[in-house]
Amino acid sequence: MTGDGAAALAALVLLPSVAGIALLLSGRRADRLAGPVGVLVGMAGVALAAAVAIGRPVVSAPFLGIVPGGDLELAVDGLSAVLVVTVAVVAAAVTVFAVVDVPAGAARARFFGYLLLFTAAMLMTVTATTLPALLLAWEVMGATSYALIGYRWDVPGKLAAGTTAFLTTRAGDLGLYVAAGAALAGTGSLRLDDLATADGGWRDVAAAGIVLAALGKSAQLPFSGWLSAAMAGPSPVSALLHSATMVAAGGYLLLRIQPLLTATSWAANATAWAGVLTALVLGAVACGQRDLKQLLAASTAAQIGFVVLAAGAGATAGGAGQLVAHAAVKAGLFVAAGTWLTSLGTKQLIGLRGAARRHPGVGAAATVACLALAGVPPLSLWATKDEVLAGVDGAALRIVALAAAALSAAYAGRILVVVLGRPDSDAAAGGDASLDLEERGTRRVPPAATGIAAVLAVAAVGLGALALHPVADAGRAVLDAGGESTPTALELFASGSLALVVLALTLWRPGVVAIAVRSPLAGWVGLRGLLSPRPVLAVARAAAAVDDRGIDRAVRALAAGVRRLAVSASRADAHVVDGAVRAIAAGARSAGAAARRPQTGLLHQYYAQAAAGLAVLLVVLLVVR
Amino acid sequence: MFLTIVVLLPVLVAVVLLASPRLPGPVASWAWVGASAVDLTLIAWMWWRFDAGPAIDFDVKIRWIPTVDASYHVGVDGLSLPLLAMTGVLFLACAIWSLREQDRPRTYAALFLFLQTACLGTFAALDLILFFVFFDLTIVGMYFVIAGWGHGNARRSALKFFLYTFVGSLALLVGFIALFLGGERRTFDMVALAADPPLADSPLAGGLTLLAIGIGLAVKTPLFPFHTWLPDAHTDAPAAGSAILAGVLLKLGTYGFVRIAMPILPQAWQQWAMVIVIVGVISVVWGALVALAQTDVKRMIAYTSVNHMGYVLLGLGAAGLVADADGQARTVATVGALFQMVSHGLLTGALFLLTGVLWSRGRSYAFADWGGLARPAPVFAACLGVAAFGSLGLPGLSAFVAEFQIFTGALQGAPIATIVAVSGILVTAGLFLLALQRLLTGELQTPSALTAEPMRDMNGRELISVVPLLAMSLLLGLAPRWLLDVLEPAAVAVVELVSR
């Protein structure tokens, strides 16, 4: 252990893990204690994150031998410091929200246990400096997301949604295993920093593997479908998974290995295009959703697309800023969506008409977050998106990125149109058929939820300061990204105007965007179908049939053949071998019987026999001589 | 003599049990637990005393058949010690599991104790003939376990198991005789043979010998296409029998590769390494796919063993790709393969014991008969979940440490084969999650045999036998050093021997 606060860094990961495991092991007994424990650990996490962000410690634990970089090593540099603080703060906020949102009678120990483990895994992911540490945290995060999405396993389809999420992200994770092999082959070490120095083809293999893993985790094309399924999870889970953690992990990893991407001839460009296309396609998908959480999910993939674009374009500072700003905005919006779901019993846009007016506190926070999501100046995502765009080379990339930015104004506008609209008149009397579509609403918003939404909204606004040059430069200094290009005033003005114009159009003519609802965009343009397990299951069944009716039958046929051979051998034994023996015996017997014949006891016959014998001997003698 | 005591203690207790027909069943069961516990303690002491390094410890050599230089030669090194320990742990778990055995408990206990000696003897043996004798005795013991205490079509499955693996062991014997005849010094002693490898200058004879030994071990491991005895044997074996069969007996096959084939036939191993890698990868993919299609949980777990043993072969094969990979990568792959043997023993042992819970409650393993078990049996659900995630290679549990190293080390020598093999962990993840979903969630469903009474969760005896296995897997997954410190020097030595 070196550096200041190595113990703090170890505790940052170990405290939530140990607390989480303890809650899980205690089971239902700890249900009442779980919320307070979660909040306390979350608060401690924020303090520890701040400590390690300042102290920049390194801590390592022995794990694998033989190779350098086999240890579980964590360290905090500029990028990690930003992420650690973001993750810790958002996780703490979401934990507080979960305390009021998860029903009292539910298995709260299990919920908060997994939530803490999940947070620990994300914190370890963003500080890992060796591949074993990264992969350990990365996959544990996937597995705990499975448990969290499938938290209400007794409701049909929930655990299946978790399975979809885990299997999709794991399909990407395979790339990380391959990348580890390539790292060992190309550099002789498993340290992330060394990757860019790998020689020859191994560098390409490593880059391909890591990009694949990151795209899977961040729900970029073609893996985006799992995010839709993941909406089956409880609202706090969505608020955490889709803001500062899980999807953010892929974006983070790409920013982290940015030197490797640029070291190859193709990876940076491919990454940039994957990001920008996801931003465009999923932005359009978001415009076509009827369900608020589905809309937010699609927009998550789209917004993280800008982070991926940033990693590809080499705009590390812009990407990190986008990651942080999006975390604040999206966590706030999911908190609002979850609050409305609990209160109004629905997350369908049709049922949420006027939701912001019913609950003004949450409504105001959500409105601010929506404006930020739309890219309206001077809010955070406007500033960070421009930071990203400033680093993008090439007109085609830039145009697609601007189109994607315009789409984000459109879908954010759709939310605003609905929630700011006037509630239907009879709803006030409690007779609205569009409420309580999914569960029985409480018609009540806990103050804590409003508070959390407000805090996150403030962050969403405040991070807009990144548009100011001194603030942005300070951020760059933290990230050691001094040389990266910054947006000009004109660019900032243009993108801000674009967002405002599209937003105004959407608010003025909501029907134009709503056309998308009746298009394939509503069904995630078939992205969910990509994840169907059917082809694999069909292959598996065919393999099982071959195994049973081919290989095993051959073995059984061999055994049966041996038995048949034995039967024929036994038959041959009875008939041929024993037959020969018996024939010899019979021959001997008949010869014996024949030999008895001459023994008549009559002397004259013996004389005659002797005479005949002598005659024969005489003839033989004559012939032979 | 200490090692000899460890090996022979179980069978001595078995003889005492068989010689006392008046002994009440429970006393016999407890005697089994006691004997296994003492044996495990002795192994733990050996571990404590063991000096990590390539040297052989607790070495004993006694003349046995001097005309062919076969001797009673046993010893312990970094290859065998972890497997001896795993054997001790698993047999103790099975002893505890079987405490309530109603059906001829005295004979049952004696049979398992006999089996334990045979398994320990195989891992400790440093002489080919001694290895062969112990190896065959395990087949005999397991035959009686399945035939006598199995269910379903037990006799047929037991016969299939016996004949198939026995034929395999004959191939092994042919290979051993070839090693004997091919050496300068006519001997069956493994250490002597490894020091001066036979058949070094005749690639054809070396290759054929490796083929004979390979087929013999492949049947036992089992590798594609010699694996079809496994699902039948498992489905009809009692839970403890299945746990030993998958946890310990399969390792005799993979252990044979590391202990005999690699050090004694290094040239042939190098020459045929790619074939070995490919056989491993086919087993990985085939085992995973066929497991995915199963409708019976125990058959499914049986097929995942084919998958997991395929990873071991991939790692060991990669160790022989001397021309394509550097020593570091090959050593990492070998360490992974060795680690996988221990890890698979613990996890699959736990999984098979857990299927025993289903059998004891409802006499069925069919997915169609069970559903929604997480509600009435949350502890069972939790244990099954941990075991399943362990088996699918989740980091934090032992299988990850093994598989990560196998993949990482094998990629350099065999990139395409390794990439194909990596996809196996996705299929395994799918099949285990599907199994969890079918068994644990949805409407509560139990076989018709159980409708009269509610589904009972795991009892104390079941927990005490399963939970330590899972806990050890967790410990190995998070803090693998204490095992790696023993395995790594041994792996370095094996890779050096293969590289000759």
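This is a predicted model: local features need pLDDT of at least 70, side-chain atom pairs count only at pLDDT 80 or more; totals for chains, interfaces and linings use all residues.
**A friendly note on the two-chain model**

1. Next comes the meeting of the two chains. How many residues of chain B are in contact with chain A? There are 42, and they meet 44 residues of chain A. On the chain B side, at least two residues each come from α12 (273–292), α14 (327–362), α16 (398–410), α17 (415–440) and α19 (481–498). The largest share is that of α17(B), with 10 residues. Sorted by class, this side of chain B has 25 nonpolar, 15 polar and 2 charged residues.

2. Now for chain A as a whole. Its secondary structure consists of 24 helices and 2 strands. Along its principal axes, the C-alpha trace spans about 150 × 60 × 50 Å. The radius of gyration of chain A is 38 Å, whereas a compact globule of 625 residues would have one near 25 Å. Even so, 56% of the 625 residues of chain A count as buried. Among contacts in chain A with a separation of 6 or more, 82% are between residues 24 or more positions apart.

3. Chain A is also divided into domains. Domain 1 covers 268–424 + 437–529, and domain 2 covers 536–624. How far apart are the centres of domain 1 and domain 2 of chain A? Taken over C-alpha atoms, the separation is 94 Å.

4. The largest nonpolar core has 447 residues. The members that touch the most other members are A:V84, A:A206, A:L309, A:A331, A:A369, A:A460 and B:L314, a list with names from chain A and chain B. Helix α14(B) gives the largest share of this core, 18 residues. Domain 1 and domain 2 of chain A each supply at least three residues to this core. As general background, nonpolar side chains tend to be buried together in soluble globular proteins.

5. Not counting residues up to four places away in sequence, A:A206 touches A:A179, A:A182, A:A183, A:G186, A:L195, A:A198 and A:L260.

6. Another of the core residues, A:A369, is among the buried residues of α16(A). This helix covers residues 360–374 of chain A, and its 15 residues reach 20 Å from the first C-alpha to the last, close to the 21 Å expected. Is α16(A) largely enclosed or largely open? Helix α16(A) is largely enclosed by the rest of the structure, because 11 of its 15 residues are buried. Those buried residues include A:V362, A:G363, A:C370 and A:L371.

7. In chain A, A:M246 has a phi of about 50° and lies in the loop between α9 (235–241) and α10 (247–256). With 28 C-beta neighbours inside 10 Å, A:M246 counts as buried. In chain B, the phi of B:L199 is about 60°, and this residue sits in the loop between α7 (190–195) and α8. B:L199 counts as buried too, with 22 C-beta neighbours inside 10 Å.

8. Finally, have a look at two cis peptide bonds. The bond from A:L221 to A:P222 is cis, with omega near 0°, and A:P222 is placed in the loop between α7 (201–217) and α8 (225–230) of chain A. In chain B, the bond from B:T221 to B:P222 is cis, with omega near -20°. B:P222 is found in the loop between α8 (203–220) and α9 (229–236) of chain B.

Conventions: Residues are numbered from 1 along each chain as its sequence is written. Chains are lettered from A and ligands numbered from 1 in the order in which they are written. Domain bounds come from an automatic or database domain assignment. Two residues are in contact if their C-beta atoms, placed from the backbone, lie within 7 Å. Helices (H or I, at least four residues) and strands (E, at least two) are DSSP runs, numbered from the N terminus. Ala, Val, Leu, Ile, Met, Phe, Trp, Tyr, Cys and Pro count as nonpolar, Asp, Glu, Lys and Arg as charged, and the others, Gly among them, as polar. A residue is buried if 20 or more other C-beta atoms lie within 10 Å of its own, exposed if 12 or fewer, and partly exposed in between; C-beta atoms are placed from the backbone. The radius of gyration is taken over C-alpha atoms; the globule rule is 2.2 Å times the number of residues to the power 0.38. The expected span of a helix is 1.5 Å times one less than its number of residues. A nonpolar core is a set of buried Ala, Val, Leu, Ile, Met, Phe, Trp, Tyr and Cys residues joined through C-beta atoms within 7 Å.
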